[in-house]
Amino acid sequence: MKKLFKHILSTEDVKGIMLFSFEGELIFKKFSSPLSEEPKGSARWLNVINSLKGVKEVDVIFEKTRLYARRTEHGYLLILMGIFAPIAMIRLNCDVLLSSSKQMGIIKGLRGLLKKAN
Amino acid sequence: MTRNILVVDDDQEMLLSLKEGLEGYGENFSVLMAGDGLVAVEKLKISPISLVVSDIRMGRMDGFTLLTYIMQYYPGIPVILMTGYGTDDTERQALARGALGYIEKPFTIENLSRQIMTVTRRESDGGTLQGISSGNFLQLIGMEEKTCTIRLVDKLYDKHGVLFFKEGELLNARVGNLQGEAAAYEIFAWDEVNLSIQNACHQKERKIKSDLQAVLLEAMRLKDEAADNGEEPVSPLELKEESGNGYEVRESKEMSITNHIKSKVEGKLGKKCGLMDICEDDSWDSLLTQMAKIGEFLGAGKLKLVYVDKEESNDFILLPGQETTVISVNPKCPRERIIQALTDKQTP
């Protein structure tokens, strides 16, 4: 999984990645520095994922940072980044990741594998 | 996709009669004219050309010299040579030097237009695609190891470009007078394009040394850098942060919030920046509330703006405040520049 997201994670000013299922379950997370609280699957995240229903992607601009959420076949990918992150490159990497993973069947069964891995 | 045919002849009467005759085929192609080879070279630099039809005998620069120039600098553009003094040797030379066709004067307009349409149809023999993101598609060309010539039109600014692929390797790119990696960077920065694919590549020389992935990523980096540097400087809206959560447009007796945002954004980015509608709409409050909560959890600070793509005919920009302001935008809009315009602070 880490390998799958390595291009995104290695992009300048990307601070972390979370992948949530449509049921709000945390499938994968990786942060460059630990968060004060673990983003475990909970009602909080279910509400967040539900609020994204029908949305392909959102760019969320905060005062200090930026969040990019992208719908995948199995849930939403949330990328946390600084304000200097190259967002066009990150979007492109998501496009490439999603299309190539579909082509190569990587996503297929990914969730099950990830559950085992976690 | 518009196809421009460049007709080159130093006989003004001939040139005008060809133009008049070919204009009858305006549904299929447009006609540009050049009075000799040198004028044609200048036209090639500034206009996207699909085919050149040139006389051979001309002053300053003749048809053979023009053909040689095109083969070297614009190998994707086919050339038909015409002459009133043809011999078997002239025809043999024309074809040997790379001309796609050869036609002897006098000829009928119908005959010439048939040849033109046969050639231009080949430009899209591999198919056409409308309104796609170029980066993702071109990755697939690389993965499929295709040999092809791709002609692209940037939907936002109506710029034309050409990419030459041989077995998935990007050999060259061209936009106007720009070639090589510089042209590729520009093309790859286009957000949405129409393109046609020709299943052939006439480019011989490899002008782009880096691999496709590297060029794509560098193009994205340059695009981000350009946005960061504000190459087309965008001054901020006169928005100020409230003490609470969100924005409040500085009060103006003359302007409503809607007019204020519209005039400011369009004033900086132009009328074609893609703003469609601005209104207050509380149906997005749930999404904004959840995003604000994520911000709290992540220690990200106050929520400033949310850009939403629902794969509908419009995208939406949400500005939190006592009332949520929703800006509908064309999905082809320069997203980053609008976000920058809306989020940059200006000291009151």
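**A charged patch on chain B**

B:Glu323 is partly exposed, with 48% relative accessible area (buried means under 20%, exposed over 50%, and partly exposed in between, with a 1.4 Å probe and protein chains only). Welcome to a predicted model, in which local features need pLDDT of at least 70, side-chain atom pairs count only at pLDDT 80 or more, and totals for chains, interfaces and linings use all residues. Residues are numbered from 1 along each chain as its sequence is written, chains are lettered from A and ligands numbered from 1 in the order in which they are written, and side-chain values use heavy atoms, leaving out hydrogens and water. B:Glu323 sits in the loop between strands S16 (315-319) and S17 (325-329) of chain B; helices (H or I, at least four residues) and strands (E, at least two) are DSSP runs numbered from the N terminus. Together with B:Glu280, B:Asp282 and B:Asp285, B:Glu323 forms a negative surface patch. Patch members have over 30% relative accessible area and no salt bridge, with like charges joined within 9 Å and nonpolar side chains (Val, Leu, Ile, Met, Phe, Trp, Tyr) within 5 Å. Asp and Glu count as negative, Lys and Arg as positive, and His and the chain ends are not counted; each charge is placed at NZ of Lys, CZ of Arg, CG of Asp or CD of Glu.

**A bridge between the chains**

A:Asp59 and B:Arg335 form a salt bridge, with N and O 2.7 Å apart. The pair joins two chains, because A:Asp59 belongs to strand S3 (residues 57-62) of chain A and B:Arg335 to helix H11 (residues 335-343) of chain B. A salt bridge here is a side-chain nitrogen of Lys or Arg within 4 Å of a carboxyl oxygen of Asp or Glu, and over all chains the count comes to 20. What is the burial state of A:Asp59 and B:Arg335, buried or exposed? Both residues are buried.

B:Asp36 pairs with B:Arg60 in a salt bridge whose closest N and O atoms are 2.7 Å apart. The two residues are 24 positions apart and link distant parts of the chain: B:Asp36 is in the loop between strand S2 (30-34) and helix H2 (37-46), while B:Arg60 is in the loop between strand S3 (51-55) and helix H3 (63-73) of chain B. B:Asp36 counts as buried at 9% relative accessibility, whereas B:Arg60 is exposed at 64%. Look at the backbone too: B:Arg60 has a positive phi of about 55° although it is not a glycine.

B:Lys105 and B:Asp55 meet in a salt bridge, with 3.4 Å from N to O. B:Lys105 lies in the loop between strand S5 (101-104) and helix H5 (109-122) of chain B and B:Asp55 in strand S3, so the bridge ties together parts 50 residues apart in sequence. B:Lys105 is partly exposed at 21% relative accessible area, and B:Asp55 is buried at 6%. In the loop between S5 and H5 you will also find B:Pro106. A cis peptide bond joins B:Lys105 to B:Pro106, with omega at about -5°.

**A positive phi in chain A**

A:Asp13 shows a positive phi of about 70° although it is not a glycine. Where does A:Asp13 lie? A:Asp13 is in the loop between helix H1 (6-9) and strand S1 (14-21) of chain A. At 24% relative accessibility, A:Asp13 is partly exposed.

A:Lys30 and A:Lys15 have C-alpha atoms 8.5 Å apart and are 15 residues apart along the chain. A:Lys30 belongs to strand S2 (residues 26-31) of chain A and is partly exposed, at 32% relative accessibility.

**Chain A as a whole**

Chain A has four helices and five strands, which follow the order α-β-β-α-β-β-β-α-α from the N terminus. Of its 118 residues, 53% are buried. Among contacts (heavy atoms within 4.5 Å) between chain A residues at least 6 apart in sequence, 48% join residues at least 24 apart. Chain A exposes about 5,700 Å², of which carbon and sulfur atoms supply 53%; accessible areas come from the Shrake-Rupley method with a 1.4 Å probe, and for residues only the protein chains shown count as cover.
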